[in-house]
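The sequence and the coordinates come first.

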Amino acid sequence: MDGNTGGRLRRTLDGRVVGALVALLVLPSSGAELRAQRSDSAWVSSGGVLVTRAIEPERSLRWDLVLPADLETVWRAWTDPQALTTWAGPGASVDLREGGHWEVHFQPDRPPGQRGSDANTILQIVPGRELVLAAGAPVEFPTVRREKTRFHVTLVPVGPKHTLVTATQTEWQDGP
């Protein structure tokens, strides 16, 4: 990719897509509420994201959203650092290979390891279709950061100009 990919993506992704991608990364409720409820539930966020929480057989959060963008554009939004900064955070770094890192820097001025979501490792890649991460959390959540969760993003074309994004986060541990 050339150095202008981010600029092209900014022109390609309108406010609806950027807002929807941001909504995809935001947990819809507090951790206390998630632990307190025993049943599965689903709701639609203000950004149009269908959020599903499951307690059994495994605790998971799942986000589903159809974006008004083609598959290639959405893949680039998840895998190109310049594109990530248009919707996920002010800084990003991606080493797009299995074993590489996938980082979003919510606070890019902090030292490495304290910038935000900068403790993620890429476990699996199916180019243009799937990205699986061992996901750490921001430093404010040290247990989740240390223990990791599994964050699995799948992209499915829905016609020539829309893409279904499904992100599922699993392997939540017990504890704080």
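At 39% relative accessibility, glutamate 171 counts as partly exposed. Glutamate 171 sits in the segment after strand 10, and its phi is positive, about 65 degrees, although the residue is not a glycine. Most residues other than glycine have a negative phi. Lysine 148 is another non-glycine residue with a positive phi, near 70 degrees. Lysine 148 belongs to the loop between helix 6 (142-147) and strand 9 and is partly exposed, with a relative accessible area of 24%. The model is predicted.

The protein has six helices and 10 strands. Of its 176 residues, 42% are buried. The accessible surface comes to about 9100 Å², and carbon and sulfur atoms account for 53% of that area. Among contacts with a separation of 6 or more, 46% are between residues 24 or more positions apart.

Seven strands form an open sheet with the order 1-2-3-10-9-8-7 and antiparallel pairing. Its edges are strand 1 (41-44) and strand 7, each of which pairs on one side only. On average, neighbouring strands of the sheet are turned by 15 degrees against each other, direction ignored. Strand 2 (residues 50-54) and strand 3 run antiparallel and are joined by five bridges. Arginine 53 has leucine 61 in strand 3 as its bridge partner.

Helix 4 lies across strand 3, strand 7, strand 8, strand 9 and strand 10, and runs at about 160 degrees to strand 9.

## Nonpolar core

The largest nonpolar core has 28 residues. The residues with the most contacts inside it are Trp78, Trp102, Leu131, Phe151, Val153 and Leu155. At least two core residues each come from strand 3 (60-67), helix 4 (71-79), strand 5 (102-105), strand 7 (121-126), strand 8 (130-135), strand 9 (149-157) and strand 10 (163-170). Helix 4 supplies the largest share of this core, five residues.

Which residues does tryptophan 102 touch, not counting those up to four places away in sequence? They are Trp78, Leu84, Ser93, Val94, Ser117, Asn120, Ile122, Leu131 and Leu133.

## Aromatic pairs

The count of aromatic pairs comes to four. Two of them share phenylalanine 151 and are listed below.

| Pair | Centre to centre | Angle between planes | Class |
|---|---|---|---|
| Tryptophan 63 and phenylalanine 151 | 6.0 Å | 55 degrees | tilted |
| Tryptophan 78 and phenylalanine 151 | 6.2 Å | 40 degrees | tilted |

Tryptophan 63 lies in strand 3 and phenylalanine 151 in strand 9, so their pair ties together parts that are 88 residues apart in sequence. Tryptophan 63 is buried, with a relative accessible area of 1%, and phenylalanine 151 is buried at 8%. The second pair also links distant parts of the chain, with tryptophan 78 in helix 4 and phenylalanine 151 in strand 9, 73 residues apart. Tryptophan 78 and phenylalanine 151 are both buried. One aromatic cluster is made up of Trp63, Trp78, Trp87, Trp102 and Phe151.

## Two further residues

Is threonine 163 buried or exposed? At 0% relative accessibility, threonine 163 counts as buried, because the cut-off for that class is under 20%. Threonine 163 lies in strand 10. Leaving aside neighbours within four places in sequence, threonine 163 is in contact with Leu65, Val66, Leu67, Ala69, Asp70, Leu71, Val74, Leu155, Val156, Pro157 and Val158.

Proline 81 is in helix 5 (residues 81-84). With 29% relative accessibility, proline 81 counts as partly exposed. Proline 81 and aspartate 95 are 14 residues apart along the chain, and their C-alpha atoms are separated by 9.1 Å. Ser93 and Val94 are also among the residues that tryptophan 102 touches.

Methods
Residues numbered from 1 in each chain as written. Predicted model: local features only at pLDDT ≥ 70, side-chain atom pairs only at ≥ 80, totals over all residues. Heavy atoms only, no water. Core = buried A, V, L, I, M, F, W, Y, C linked by side-chain atoms within 4.5 Å. Buried < 20%, exposed > 50% of the residue type's maximum accessible area, 1.4 Å probe, protein only. Helix = DSSP H or I, 4+ residues; strand = E, 2+ residues; numbered from the N terminus. Contact = heavy atoms within 4.5 Å. Phe/Tyr/Trp six-rings, centres within 6.5 Å; stacked < 30°, edge-to-face > 60°. Pairing = 2+ DSSP bridges. Axes fitted to C-alpha atoms, helices over the stretch in contact; angles between N-to-C directions. Areas by Shrake-Rupley, 256 points an atom, 1.4 Å probe, with all protein chains shown as cover.
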